[in-house]
Amino acid sequence: MKDQIKALDSINLEIKKGDFISIIGSNGSGKSTLAKHMNCLLLPTIGDIWVDEMNTKDKSKTWEIRRKVGMVFQNPDNQIIATTVEDDIAFGLENIGIKTTLMRERVDWALEVVEMREYKKSEPHLLSGGQKQRVAIAGAIALHSSYLVLDEPTAMLDPRGRKEIVDIVKKLNLEENITIIYITHLMEEAVESNRVIVLDKGKIALIGKPEEVFTQIEVLKQLRLDVPQITELALRLNKRGIDISPHILKVEDMVESLCLYI
Amino acid sequence: MFIHLENICFTYSLGMPFETEVLKNINLEIDKGEFIGLIGNTGCGKTTLIQHFNGLLTPTSGKICVEGVDLNKKGVNLRLVRQKIGLVFQYPENQLFEETIYQEVAFGPRKLGLPEGKIEKRVREALKMVDLDYNLYAERSPFSLSGGEMRRVALASILSIRPKMLILDEPTANLDPQGRDNILSEIEKIHYNFGMTVVLVSHNMEKIAETVKRLLVMYRGEIIIDDTPQEIFEKHANDLVKVGLGLPQVTECMHKLKAKGKDVYTGVLTVDDAEREVLKKMKKPIKR
């Protein structure tokens with residue numbers, strides 16, 4: 001085509017089971033395109049993607065891969081289809097032909113994990129944004145997916161809703177051992193993961209632990225990204241010769257360090 | 001006084017099973033030339049409130065005056081009020097529809113019945129206000145633009161009506177950090193260069209607090225705090241956290257230091273403020 005765009009360019013990446021990685025990057029950097037490759041919504045033009053030894057190009061494996069890799073998108077309203085919360089979560093299970101008794105069990109478990117059990121008979125449109133997004137997450141994990149890809153799940157939520165989602169995602173990772181791939185614009189959220197990938201023009205610009213990535217303030221600013229306020233403050237004080245670690249990412253750690261001087 | 005609200009109450013679906021009281025006894029005065037942020041969680045009534053400013057919604061009870069004119073009085077020309085108060089909705093890029101950016105921005109002035117020469121002048125002026133080069137953009141399709149640019153065109157199409165006041169509902173939603181900073185600095189420039197009265201509506205503090213001069217915090221249909229951002233962060237930090245709005249990291253840091261008995265000023269908004277305050281309060285700069 002005349003207007004062809006290279007959205008992803010020579011990406012090499014390995015995600016281990018049980019990991020919690022976040023992907024950040026400005027609009028158009030390729031974050032969502034990369035996410036959609038992880039469960040065959042898109043297939044690579046060149047190269048291969050393997051999910052548990054299955055190649056996403058192998059058409060006979062598509063459904064199995066999609067069952068293993070759950071997806072949650074930005075706008076929960078686009079993902080919720082049934083008239084009650086529990087029906088919505090059962091929808092995916094019905095599609096793969098799970099027995100009714102087992103379905104009941106899975107729905108209850110998924111709602112328990114996202115702390116929405118008391119709302120199981122509620123109508124989704126009467127829930128808050130954070131609650132709706134938790135229902136969307138429950139719908140994905142009810143299929144017993146081992147991997148969960150979340151594409152800016154908090155973009156439309158207020159601060160309270162954001163915290164609800166981040167807490168649930170951390171719990172899924174720690175308690176249910178679900179591998180998390182978390183796409184976000186918000187550095188405070190990316191800080192919670194084990195590994196951060198920064199995408200720029202379809203390439204991996206930076207990769208590492210949060211404290212390694214977020215201390216590269218100049219690079220992040222060049223890539224049109226925010227820097228956590230507390231890290232920037234730590235770096236500035238450090239530059240002035242004050243003995244404060246430039247790797248501080250959390251407010252509590254900063255308070256502790258500053259207490260020695262004030 | 002530009003806008004004056006007295007005991008405004010508003011209930012959706014009055015007398016129906018889903019009757020909800022959205023605004024409870026709102027009293028508010030906005031002066032010409034103010035730069036205001038309206039903050040509150042989703043569902044607290046922000047959008048409902050601003051729709052009262054130009055008569056899109058009529059209050060269940062209470063009185064609204066714009067430049068001394070009572071909007072509920074019979075025979076008030078609401079068209080004129082809506083020309084004075086430009087309302088930019090959430091995701092305004094969704095309302096773009098014309099073939100070229102020129103036509104898009106010209107739509108409002110054309111509806112005002114202006115002659116073509118004046119329309120062109122207005123389009124040039126409005127595009128300049130949002131930093132879009134007339135020669136490069138006028139003949140392009142609005143749909144060939146990036147999200148941030150589309151939002152600026154939508155803003156220009158309101159500015160071309162030459163409103164005295166600009167209300168923007170979630171202007172930074174879904175933009176990346178750079179896009180967000182760009183649109184906020186355009187709005188700041190419009191406020192300072194043209195003396196425009198501005199109300200920014202948002203559900204998060206991100207950058208809004210550092211931009212505006214006065215902050216209104218809404219909670220469950222009421223304005224619970226009305227002050228400068230510095231005063232609010234200094235004195236009402238607990239209330240902000242309680243209503244689920246949260247604080248910027250540097251403000252939270254100062255409050256935690258204070259809780260540990262340290263004598264620090266807690267009304268900091270930016271990294272610059274925090275750095276200055278820390279350096280000022282250091283017992284002695286301990287060098288490595």
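**Group meeting: a two-chain predicted model**

I will start with the interface: 35 residues of chain B are in contact with 29 residues of chain A, where contact means C-beta atoms, placed from the backbone, within 7 Å. On the side of chain B that touches chain A, the elements giving two or more residues are α7 (177-194), α11 (249-259) and α12 (271-281) of chain B. The largest share of that side, six residues, comes from α11(B). By class, the side of chain B that touches chain A has 13 nonpolar, twelve polar and ten charged residues. Here Ala, Val, Leu, Ile, Met, Phe, Trp, Tyr, Cys and Pro count as nonpolar, Asp, Glu, Lys and Arg as charged, and the others, Gly among them, as polar.

Some housekeeping. This is a predicted model, in which local features need pLDDT of at least 70, side-chain atom pairs count only at pLDDT 80 or more, and totals for chains, interfaces and linings use all residues. Residues are numbered from 1 along each chain as its sequence is written, and chains are lettered from A and ligands numbered from 1 in the order in which they are written.

Now chain A as a whole. Chain A contains eleven helices and eight strands; these are DSSP runs numbered from the N terminus, helices being H or I of at least four residues and strands E of at least two. Its radius of gyration is 20 Å, close to the 18 Å that the globule rule gives for 262 residues, so chain A is as compact as a globular protein of that length. The radius is taken over C-alpha atoms, and the rule is 2.2 Å times the number of residues to the power 0.38. The C-alpha trace of chain A spans about 65 × 50 × 30 Å along its principal axes. Of the 262 residues in chain A, 45% are buried. Buried means 20 or more other C-beta atoms within 10 Å of the residue's own, exposed 12 or fewer, and partly exposed in between, with C-beta atoms placed from the backbone.

Two backbone details in chain A. Most residues other than glycine have a negative phi. E53(A), which is not a glycine, has a positive phi near 70°. E53(A) sits in the loop between β2 (50-51) and β3 (54-55) of chain A, and is exposed, with 6 other C-beta atoms within 10 Å. R224(A), also not a glycine, has a positive phi of about 65°. R224(A) lies in the loop between α9 (217-222) and α10 (229-239) of chain A and is partly exposed, with 17 other C-beta atoms within 10 Å.

On to chain B. An open sheet of four strands runs in the order β2-β1-β4-β5 (chain B), paired antiparallel; pairing requires at least two DSSP bridges between the strands. The edge strands, each pairing on one side only, are β2 (20-30) and β5 (69-70) of chain B. Strands β1 (residues 3-12) and β4 (residues 61-66) of chain B are joined by five bridges, and H4(B) stands opposite C65(B) in β4(B).

Last, a helix pair. Helices α3 (residues 101-111) and α6 (residues 147-159) of chain B pack at an angle of about 35°, with axes 7 Å apart. Axes are lines fitted to C-alpha atoms, for helices over the stretch in contact, and angles run from 0 to 180 degrees between N-to-C directions. The contact involves, among others, F107(B) of α3(B) and A156(B) of α6(B). Its residues divide into five nonpolar, two polar and one charged.

Notes
Contact = placed C-beta atoms within 7 Å.
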